[in-house]
Amino acid sequence: MPEDLRLVALETSPPAFTEGTAEMMAWDIFGVAGTAQLLYGERDQNFRIRPEGSDGIIFKILGPAEDPAAVDFQTAALEHIAAMDPTLPVPRVRRTLAGEAYTRVNDNAGVPHIVRALDFQPGRIMEGVEPSRALLRNAGATLARLDRALANFFHPAAGQRIVWDARRAVELRPSADLISDSAHRALIGGVLDRFIAFMPELARLRAQVIHNDCHPGNMLVDPEQRAITGLLDFGDMIHGPLVLNIAVTAAETTGKNLSPIDYAAEVIAGYNAVLPLEDAEFPALFEAIIARHAMSATIHAWRRQHDPEGAAKLGSLSAASAPAIEAFLNAGRDAVVAKFRAAAASPETDRATGTLSAQLQTRRRHFLGRGLELSYREPLHLVRGEGVYLYEPNGGRYLDAYNNVPSVGHGNPRVAAAIGRQMATLCTNTRYLHQAVVDYAERLTATMPAGLETCLFVNSGSEANDAAWRIAKIVTGKRGALVMANAYHGVTDAVAALSPYCWPYARPLQPHVQALEAPDTYRGRFRADDPEAAAHYAADAHRAISALQASGHGVAALIIDSAFVSNGILDVPPGYFAAIAAKVRAAGGLVIGDEVQSGFGRLGDMFWGFARHGVVPDLVTLGKPMANGHPAGAVVTRRDLLEAFTDQIDFFSTFGGNPVSAAAALATLDILQSENLQENARATGSLLREGISTLATRHPAIGDVRGSGLMVGVDIVSDRSRRTPDADAAKQIANAMRHLGVLIGTEGPDGNVLKIRPPLPFGPEHATILLDALDRSL
Ligand code: PMP
């Protein structure tokens with residue numbers, strides 16, 4: 001046993017103050033008067049001081065070698081947990097009358113000892129309780145809450161080297177030779193060797209500060225033995241993989257009724273329901289559980305030689321270790337992992353989740369009204385997102401190929417940190433000098449063609465379009481608009497009028513709006529084989545412009561989503577957008593490029609959608625992915641246009657461009673650029689389209705594959721030769737894919753186009769998963 005592992009501290013017995021002294025000190029230091037009762041302690045001398053009519057405190061006198069940094073670590077962790085999850089039953093730190101977390105006292109020999117106190121936690125220690133499935137799941141769930149509460153905590157002492165850190169297996173390994181029984185020795189040594197070999201994989205898993213000692217001796221249960229009412233002893237905390245923490249409880253919370261694997265599975269299921277496990281954590285749990293048993297047996301063997309009293313404490317644990325390891329090894333890792341996964345997704349978990357989601361749906365309908373649509377026949381209830389994955393309350397995981405807003409990935413830690421940092425520092429309106437918004441405007445305009453050099457910040461794509469439309473009207477003095485058939489540009493009254501998509505029940509457009517025939521070369525009047533298709537479709541702008549001029553509105557603006565998303569992600573004929581833009585400008589109107597869907601690199605070959613069409617708009621509007629989900633929008637335009645507007649209108653948005661939004665947008669742009677996500681969109685997008693085209697050779701329902709970069713449309717038809725749109729089939733495919741764990745949407749005027757538009761870190765490995773699910777759904 002290496003000297004510097006803290007196990008050596010076990011050789012020194014706890015201090016030996018008398019109960020009378022403890023009572024006096026408790027009064028002097030903490031102001032607590034009561035009788036002292038000596039409790040067991042491995043390294044600390046613990047007294048319960050119990051005043052009449054209260055639970056009192058645990059008064060702890062630490063050994064002389066104890067490190068104040070370790071004490072500070074515990075205090076900080078407990079106070080952090082209390083702040084993050086106030087109802088989690090962990091001890092509360094009792095401060096001294098002077099407000100300190102601890103102080104020092106001298107023993108008779110003049111040696112100083114740290115003393116500190118915790119509020120006493122009433123309840124029964126779980127040790128010796130035969131745990132029901134409900135209690136096991138509750139233990140797992142409680143542990144998960146603890147991990148969640150500690151997720152954003154750190155302390156310099158978290159790197160402490162302790163023997164109960166499974167990653168010390170290399171140093172512990174020689175002590176396994178002290179096991180006297182040869183078969184037992186070979187088994188335990190083998191498991192430690194196996195765990196040492198597994199260590200590189202362990203290093204890739206999620207890590208944080210963990211309790212690392214939540215066994216039944218450190219948990220309290222309620223009188224009915226259905227729930228954990230207390231978690232004790234934070235002395236073995238380390239910064240380490242979450243699976244090590246779970247493995248302690250899963251390995252040691254056992255009884256006589258089930259197999260060791262079943263006990264572990266229940267704990268894991270309970271944990272997973274609160275804090276979903278990642279895929280690679282399931283096999284790691286198998287390794288960590290058997291390693292924990294091997295560690296107990298090894299440390300027991302060492303103590304039998306060096307510290308017989310300490311060994312007695314580990315006796316029963318050590319006796320259980322070999323049979324448990326054998327049970328796991330005999331079943332085999334694959335079977336055990338399958339059992340863990342099944343338990344995590346068991347009907348019990350699903351039923352609990354199902355009830356929760358159903359209740360939520362009812363409350364949602366009540367408080368938000370019935371008009372707010374939900375995606376999918378069976379709505380999805382999500383609690384967490386990470387990268388390109390989304391998670392349900394029971395840990396169910398979905399590959400997200402639908403959400404374009406979190407363009408640098410769900411829960412992106414750099415964006416989250418930028419937001420948190422700025423929110424904790426300053427968040428005001430833009431009528432004060434602040435660097436972030438100016439830096440962002442500079443960085444953003446640097447990505448645009450020359451001339452698009454000034455920004456107006458708002459909070460959404462709708463607001464950006466609303467502002468751009470106001471600018472166009474003020475600048476041109478006209479009131480008419482050209483929009484694309486079935487276009488969508490947002491929710492404000494003015495912008496909804498520019499969105500034929502909002503009027504699905506054939507309401508006529510308002511008189512100042514003319515919709516252009518969609519340049520659909522797959523199903524429209526002029527097809528891809530017609531070299532004049534662009535000009536034919538563009539001719540419709542003549543009609544629209546003439547109508548607006550005849551009605552006296554004139555042409556203020558043309559507004560175009562250059563990815564043509566709500567038209568079914570069209571591949572429009574080259575030159576079309578440029579042709580209508582020229583006609584509109586000739587009529588005195590401006591061009592608004594709505595980049596809410598197509599901007600920020602999604603289309604792969606170009607950073608901005610308008611650039612694919614060879615058009616430079618007068619006004620560019622931004623939203624959705626701009627700040628990765630934090631609400632932010634902008635109009636980027638020429639200086640003369642913005643100033644002509646602001647000279648006449650006092651335009652001010654309270655939240656638009658505030659320091660937090662600017663920090664979020666800056667972080668998002670940084671990540672997009674530094675992680676080459678535009679190039680990834682290009683490459684993965686081509687792979688996807690190629691893969692889908694290959695599927696089309698076997699699946700006649702695929703009529704057409706369109707789009708650019710990671711904006712992909714798949715036209716679903718019931719009759720390929722007639723190109724008959726099949727909205728029902730498209731919906732069925734989207735629902736079937738959801739049940740295969742992949743999220744996509746449907747789009748287009750007929751609702752028959754599969755819309756694939758994932759977060760941009762979506763890589764080839766994700767494309768493969770999507771293609772497989774699409775194949776099976778078809
Ligand atoms: N423009 C386009 C092209 C959009 O797709 C949307 C939203 N779907 C908007 C504008 C409006 O954005 P928001 O909902 O963020 O206001």
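Author: Arg723 has 27% relative accessibility, so it counts as partly exposed. The scale runs on relative accessible area: buried is under 20%, exposed is over 50%, and partly exposed lies in between (1.4 Å probe, protein chains only). This is a predicted model, where local features need pLDDT of at least 70 and side-chain atom pairs need 80 or more, while totals for chains, interfaces and linings use all residues. Residues are numbered from 1 along each chain as its sequence is written, and side-chain values use heavy atoms, without hydrogens or water.

Arg723 sits in the loop between strand 23 (711–719) and strand 24 (724–725). Helices (H or I, at least four residues) and strands (E, at least two) are DSSP runs, numbered from the N terminus. The phi of Arg723 is near 60 degrees, a positive value in a residue other than glycine. Most residues other than glycine have a negative phi. Asn486 also has a positive phi, near 65 degrees. Asn486 is in the loop between strand 16 (480–484) and helix 15 (493–496).

Two strands pair if DSSP finds at least two bridges between them. Strand 14 (residues 397–400) and strand 25 run parallel, over two bridges. Asp400 stands opposite Leu743 there.

Strand 3 (residues 57–61) is another case. Five of its five residues are buried, so the strand is largely enclosed by the rest of the structure. Ile57, Phe59 and Ile61 cover one side; Ile58 and Lys60 cover the other. Strand 2 (residues 45–50) joins strand 3 antiparallel through five bridges. Phe47 stands opposite Phe59. The two strands form a hairpin with six residues between them, and Gly53 in the turn has a positive phi of about 75 degrees. Five bridges also join strand 3 to strand 6 (residues 112–119), again antiparallel. Asp119 is the bridge partner of Ile57.

Next, two helices. In helix 20 (residues 639–646), Leu641, Leu642 and Phe645 are buried. They fall within an arc of 95 degrees seen down the axis, so they line one face of the helix. That arc is taken from the directions from the helix axis to the C-beta atoms. These residues pack against several elements, including strand 15 (454–458) and helix 14 (461–476).

Helix 5 (residues 182–202) has 21 residues and reaches 29 Å from first C-alpha to last, close to the 30 Å expected. The expected span is 1.5 Å times one less than the number of residues. A kink of about 30 degrees lies at Ile196, shortly before Pro200. The bend is the angle between axes fitted to the seven residues ending there and the seven starting there. Buried residues of helix 5 include Leu187, Phe195 and Phe198. At its start, a side-chain oxygen of Asp181 reaches to within 3.1 Å of the backbone nitrogen of Ala183.

Finally, the whole chain. There are 24 helices and 27 strands. Of the 778 residues, 55% count as buried. Among contacts (heavy atoms within 4.5 Å) between residues at least 6 apart in sequence, 73% join residues at least 24 apart.

How values were computed
A polar contact is a pair of N or O atoms within 3.5 Å; within protein, one must be able to donate a hydrogen and the other to accept it, and residues adjacent in sequence count only if both atoms are side-chain atoms.
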